[in-house]
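Please read this briefing alongside the sequence and the coordinates of the model shown here.

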Amino acid sequence: MRAIWFISQIALFGLVSSRMINVPNLDYFRYYVAGLSIMTLYSAAIFIGFDIYEEADHGVFEYLLSLPVTRRQLVLGRSIGGGLRAFIYVGPLIGVSLYVIGAISPINFLIALFSLFLFAFGVSGMSITIAVVLKSSDRFDILMGVLDALIVRLSTAMYPLAYVQEANPLYGWIAKFNPVTYVADLFRWGTGLEAIISLDNPLLPLLGIIAFFSIFTFVGIIIYERRIEGGGWQ
Amino acid sequence: MPPIIRMVNLTKKFGNLVAVDHLNLEIEEGEILGLLGPNGAGKTTAILVLATVMRPTEGTAFVGGYEIKKNPDKVRGVLGIVFQEPKMLWVSTPWDIVNWHAKVCGLSTEERKRRVKEVLEALDMWEPRRKNVHALSGGMRKRVELAKVLIQRPKIAIIDEPTAQIDVVGKHKIWNMLRELREEGSTIILATNELYEADMLSDRVAIMHKGQLLVCDTPKKLKDSILGGDIVDIQLEKDASPKVVEELKHFKEVVNVLQAKPSNLRVYLNQVEEVVPRIMNLFMKESVPIASIHMSEPSLDDVFAHYTGLTIEEAQKGGG
């Protein structure tokens, strides 16, 4: 279903909207396809938070908590597992977008791919952290909807940073420090797509992605440990 | 040798509900402790607290020498748990579930392959090992749950309702496997509603009710603790004189003597195996030949009813 949605977005929305948008030196269709890949990866990685509630409902959580592993190993395993799963789901779709976008530079692309991995792990860690803090699937569902709207729309996933800044400096400032912006820009840079790169040096968004991954994996572990140890999720 | 598990005023509250109420209990290494109690007695909560899945509200416990609040990781390293409701991972087969569990418990690839096959075969789960767990019956799913602890062979095994939904033949097989697990060095806590199962397997039985520990002792001592719980029916070849009956009543273990017919006596007493030879001597001395003698001990059902004030039927309906 995700694949149908993805291809419809490219074949319908992307194709139609790109005819309305005329940005100098930018093929908006290819720009949009790259951004859509990131949005899809984000949505897939966030899903692990819903798994946490489902596992709690079915008692699998109790089983996981009784295993002879530390809470750190458990959350690290979950966030890496969630990230990998998202990557596996979205991998073929990224393949489709690469086909649409066209030529790639191998080294740049490997760096971009690495950043996609870190981003997926980071989003999974964020999702798990929020899920155990909220302790309510309804609240989580609502917050994720809001977060998705804000984090994706206040990024360069769908439009270049210059336009976001032009619309509102605050939006621009948020988009500039948004992990979705970092990974979207890196992906476009990695695929050799002609685009307005928001930051001059690809090292900066890469560092941003590493920071995002680190915060939600390692800080997430501490929060998870505190919230979960001893049945605190109940 | 210090006890392998020591609970000190272990308490777990959920709001105003006291699920486990100041539990004090010691379990020796290599022991099988039967944990009995009606539904809602607090057995599963106590188990989850010991397994560090839940934190106690008050008090503490030492498991394998580690304090549950200070060293939860180390506690989890020495114990394995079989849950009341089988815990299945999503869209998995029995083989996937058991193999994954063995991997997490740190078994090497070779050992894992061997043990997974061994245990699944022993539990008659080798044939359906590739079936989706959602297609399995309740009893088969319980076997998969049980396989986890049999593969893990933990120092301390906590087993909640080991034979729930399992047929009679399967039950005996599983009981033997649990005995073998103990012989291999595991200490076992067996939470069960099945009194016969507790009687068959346990070295000691602890009875819980409304979160509290009512009593803990060997099944024999618990049965003996019911005043007049043993019954001896004596059929005499001639009528018993009032003098004999009176002498019988003076035995300190005898609680009551009923004389349905002049030659039929029903004696309510304790420690039947020690008293019967003395009863026979008395009748021989008084030249009253015994035609037949039938002894019956109280069952653990009687002990349970005695301590909880509930019949098994009431307990099964959640009377706790």
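This is a predicted model: local features need pLDDT of at least 70, side-chain atom pairs count only at pLDDT 80 or more; totals for chains, interfaces and linings use all residues.

Residues are numbered from 1 along each chain as its sequence is written, with chains lettered from A and ligands numbered from 1 in the order in which they are written.

**Contact between the chains**

- On the side of chain B, 17 residues are in contact with 13 residues of chain A, where contact requires C-beta atoms, placed from the backbone, to lie within 7 Å.
- Helix 2 (residues 72-78) of chain B supplies the largest share of the side that touches chain A, namely four residues; helices are DSSP runs of H or I with at least four residues, strands are runs of E with at least two, and both are numbered from the N terminus.
- This side of chain B comprises ten nonpolar, two polar and five charged residues, with Ala, Val, Leu, Ile, Met, Phe, Trp, Tyr, Cys and Pro counted as nonpolar, Asp, Glu, Lys and Arg as charged, and the others, Gly among them, as polar.

**The sheet in chain B**

- Four strands of chain B form an open, antiparallel sheet in the order 2-1-4-5, two strands being paired if DSSP finds at least two bridges between them.
- Strand 2 (17-27) and strand 5 of chain B stand at the edges with a single partner strand each, so one side of each is left without a neighbour in the sheet.
- Strand 1 (residues 5-14) and strand 4 (residues 58-63) of chain B are joined by five bridges, and V8(B) stands opposite T60(B) of strand 4.
- Strand 4 is joined to strand 5 (residues 66-67) of chain B by two bridges: V63(B) stands opposite Y66(B), and F62(B) has E67(B) as its bridge partner.
- The hairpin of strands 4 and 5 of chain B has two residues between the strands, and G64(B) takes a positive phi near 60° there.

**Nonpolar cores**

- The largest nonpolar core has 76 residues, and L50(B), A147(B), I158(B), I189(B), L190(B) and A206(B) have the most contacts inside it; such a core is a set of buried Ala, Val, Leu, Ile, Met, Phe, Trp, Tyr and Cys residues joined through C-beta atoms within 7 Å, and buried means that 20 or more other C-beta atoms lie within 10 Å of the residue's own.
- Helix 5 (residues 138-152) of chain B gives the most to this core, with seven residues.
- Apart from this core lies another, of 59 residues, including I48(A), V90(A), A120(A) and Y182(A).

Terms used. Two residues are in contact if their C-beta atoms, placed from the backbone, lie within 7 Å. A residue is buried if 20 or more other C-beta atoms lie within 10 Å of its own, exposed if 12 or fewer, and partly exposed in between; C-beta atoms are placed from the backbone.
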